[in-house]
Structures are given as C-alpha cells and as structure tokens.
Amino acid sequence: MSAPRAPSSLPASPPPAAALRALPPDEQPLTAAARAFNLQLTRVDKLKAQLDELDALGQSHRVELHRWVAPLQQRQRQRMRELALWLAACLQGKALSSRQQETANEALCRLAQTLAEEGDSAMAALHDQHSPQTLAQKKQAAADALRERLERVLGEPLAGAGEDASMEALLRAGMARLRASQDEEQARRQAKAKARKARQKPGAEQTQAQVQQADAETQLRSLFRQLASALHPDRETDAQERQRKTALMSEANAAYGRKDLVTLMQIQLCAELADPAAVSRLADDRLAALTLLLKQQVAGLERERAARQQRLAGEFDLPPGQVANPNTLKQSLLAQVAALESAVAQTEQDLAQVQEPAGLKRWLNQQREQRSHPARSDRDLDDYF
C-alpha cells in the first residue's frame with residue numbers, strides 16, 4: 001500500500017490476516033470503516049483455520065477408519081470366502097435335495113460375486129462356474145437397465161457414454177447431463193434477470209456500489225502490479241533469492257486470479273514492501289473498497305468450507321443433511337464398526353452352522369425364506385434425481 005522497497009529475506013510462512021489490521025492512530029478510536037475492515041480480517045483468519053481443521057479432521061478419520069474398520073472387513077471377507085468354498089464342496093455331494101442345491105448355489109454365487117467385485121479373482125472364477133450368467137453378463141445387463149432408466153428420467157438419449165459403458169460411467173454421464181440441464185436453466189434465469197436489471201435505471205445505492213467495486217478492483221490491481229514489479233525473478237542476480245521470488249510471484253499470480261486480497265497483502269508484508277501501519281492511514285473510502293474485497297473473499301471461503309464439509313460427508317457416508325464434524329464422524333465410525341462386528345459374528349455363525357449336515361439344511365431353508373421376503377436395502381435411482 002506504499003512505495004516498494006527492496007525485499008530482505010522472507011519468512012517461511014505468511015503472518016495471519018490479523019497482522020494486517022488497521023490500528024488506532026495516537027490512541028484515537030477507530031473509524032467505522034476501519035472496524036469493518038478489521039472484522040473481515042478476523043473472519044478470514046477464522047475461516048482459514050476452520051478449513052485447516054476440516055483437512056486435519058478428514059486425515060485423522062481416515063486413519064481411524066483404517067485402524068478399526070479394515071481388520072473387520074478383512075475378517076469378514078475371509079469368513080465369506082470360507083463359507084463360499086464350503087458351499088461349493090457341499091454341492092459336489094448328493095446329500096441335498098434339488099431345491100436345497102438351488103438355494104446353496106444362489107448363496108454361493110452371491111458370496112462369490114461380492115468378493116469378486118472387491119478384486120478376488122478366484123471367487124470370480126467360482127461364481128462363473130456356478131452361475132447361469134457370468135459376472136460380465138450381469139454387469140452388462142445391469143448397465144443396460146441403468147441406461148434405460150436414466151434415459152427415461154432425463155427424457156432423452158444419454159450422450160457421452162458408449163454401449164459398453166460401465167455402471168459408474170453411466171451414472172457420471174447421467175449426473176453430468178442433469179447438472180448441465182440445471183446450469184442451462186439457471187443461465188437462462190440469470191440472463192433474464194440481467195436484461196431486466198439493464199432496463200432499470202440504477203439507483204443511488206447501486207451506483208455507489210458499482211463505484212466502490214470499481215475502486216476495489218483498481219486497488220487490487222495496483223497492489224498486484226507493485227508486487228509483480230518488486231518480485232520479478234528475472235531482475236534478481238542471486239540464485240536463492242531468484243528461486244524465492246519465483247515462488248512468491250507464483251503465489252501472487254494465483255492470489256490475484258482468485259481476488260485474494262489477504263494473501264497479496266501478506267506477501268507484501270513478508271517482502272517488506274509496505275509499512276505494517278500503512279493501512280491505518282488509508283482514507284475511509286479506500287478502506288471501504290478493500291473491505292468489499294474482503295467480504296467477497298469471506299463469502300468464497302464460506303463456500304469452500306461448505307464444499308469441503310459436503311465432500312467429507314460423502315466420503316464417509318454420513319446420512320443426508322449431516323455436517324462433517326468430530327462428533328458426527330465419531331458416531332458414524334462407531335455405527336460402522338458395530339455393523340461390521342455384527343456382520344462378522346453372523347457370518348461366523350453361518351459358517352459353523354453349515355458345517356453340520358442338519359445345520360446346513362436348516363440354514364438353506366432359512367436362506368430360501370429370507371430370499372422370498374427381500375427387504376429394500378439400497379436407494380432407488382429416483383432418489384438421486
């Protein structure tokens with residue numbers, strides 16, 4: 001914000017946004033403009049800290065998931081594999097009726113398919129040996145059915161996915177088309193609103209806001225040009241300083257591209273290109289323009305916080321509407337561990353039961369009864385649209 005001077009050695013990390021605050025001159029109270037400027041700097045620091053906390057939370061939860069869930073998953077896979085192999089061995093004998101053989105074969109194929117989809121090639125071969133449809137045929141049939149339903153929901157042929165596209169590719173193409181339709185509709189609404197606004201004469205408040213925005217853009221551009229002039233690496237003879245300036249210039253370019261006033265001012269302060277108290281001497285109208293940029297930056301950080309929370313909620317399968325935080329992730333982990341422990345116990349009980357001839361027949365009868373009254377355990381495609 002002042003005339004540049006040669007930068008000295010630069011600190012490894014920038015100061016917090018609070019270091020850029022306007023200070024009261026000679027014990028006089030701050031103006032309303034200065035207080036508003038300082039408030040936005042505080043919000044920037046708080047939001048950046050929250051983003052760092054979300055990153056750390058995601059990493060720590062991944063570690064906890066691997067610690068608690070991975071061993072249970074491995075144990076469950078092993079027991080399922082043993083159960084599938086035992087059923088395969090039972091099908092080689094003649095102790096089962098034709099109906100029991102059919103039920104055993106269906107159970108074997110379900111187990112083998114689940115394990116094959118997790119990368120077990122031996123189980124894939126076992127499935128194809130006992131199933132009337134190979135895994136490849138099942139996948140193709142499921143993909144064809146999904147394509148038909150997507151096209152029915154969208155009301156048009158699904159472009160961007162070939163005839164042999166996987167389920168995942170079809171879902172991506174369908175969701176992309178849906179988002180494109182929503183974006184097109186939003187663009188039409190915005191164009192209409194913009195045209196309506198253009199026909200209206202701007203009021204005094206709107207004119208003032210436009211002038212303030214233009215002033216803010218001018219100050220941002222001026223600050224970036226000052227940094228570009230002082231930090232241009234081609235003007236540096238010392239190799240180490242040239243490397244440092246190259247990194248700073250790259251950071252400044254990125255910050256200017258996203259209108260990140262705080263980072264530009266931090267780089268300016270780190271490089272000793274401005275007096276730390278210079279912002280306190282700015283006129284209220286200039287402070288108001290800078291505050292407008294800070295408000296826009298705060299809004300962007302709030303959107304990024306919401307997006308990261310949403311990504312974490314999706315990654316860790318939180319229920320719809322739940323926000324990712326230490327409590328919700330802990331509850332989710334506890335529920336996941338409890339469900340896996342229950343599943344492992346059930347599979348081990350099943351394995352013990354089928355190893356007795358009478359128990360095997362009772363188990364097959366139970367399986368047949370359960371298959372005749374299936375529960376809806378997965379979400380319908382329409383839930384996503």
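This is a predicted model: local features need pLDDT of at least 70, side-chain atom pairs count only at pLDDT 80 or more; totals for chains, interfaces and linings use all residues.
Trainee: What makes the set of 35 residues a nonpolar core?

Mentor: A nonpolar core requires buried residues of the nonpolar kinds, joined through side-chain atoms within 4.5 Å. The largest such set in this model has 35 residues, and Phe37, Leu261 and Leu264 have the most contacts inside it. Elements giving two or more residues to this core are α1 (32–90), α6 (204–231), α7 (239–257), α8 (261–270) and α9 (284–315). A second, separate core has 20 residues, among them Leu87, Ala88, Leu108 and Leu364.

Trainee: Which residues is leucine 261 in contact with, leaving aside neighbours within four places in sequence?

Mentor: Contact requires heavy atoms within 4.5 Å. On that basis, the partners of leucine 261 are Leu220, Leu223, Leu290, Leu293, Leu294 and Gln297.

Trainee: How do you know that the span of α2 agrees with its number of residues?

Mentor: At 1.5 Å a residue, the 19 residues of α2 should span 27 Å, and the end C-alpha atoms are 26 Å apart, so the two values agree.

Trainee: Why are residues of α2 such as Gln100 and Leu111 called buried?

Mentor: Buried means under 20% relative accessible area, so Gln100 and Leu111 fall below that cut-off. The cover over the buried residues of α2 includes α1, α3 (121–130), α4 (135–154) and α11.

Trainee: What lines the largest pocket?

Mentor: Its lining has 24 residues, with Gln76, Met80, Leu111, Thr114 and Thr347 nearest the centre. By class, nine are nonpolar, 10 polar and five charged. α10 gives the most, with seven residues. The volume of the largest pocket is about 770 Å³.

Conventions
Residues are numbered from 1 along each chain as its sequence is written. Side-chain values use heavy atoms; hydrogens and water are left out. Buried means under 20% relative accessible area, exposed over 50%, partly exposed in between (1.4 Å probe, protein chains only). Helices (H or I, at least four residues) and strands (E, at least two) are DSSP runs, numbered from the N terminus. On a 1 Å grid over the protein atoms alone, a cavity is a set of points where a 1.4 Å probe fits but cannot get out, and a pocket is an open set with protein on both sides within 12 Å along at least five of seven lines; lining residues have an atom within 4 Å of a point. Grid points are joined across faces, edges and corners, and a volume is the space filled by probe spheres set on the points. Ala, Val, Leu, Ile, Met, Phe, Trp, Tyr, Cys and Pro count as nonpolar, Asp, Glu, Lys and Arg as charged, and the others, Gly among them, as polar. The expected span of a helix is 1.5 Å times one less than its number of residues.
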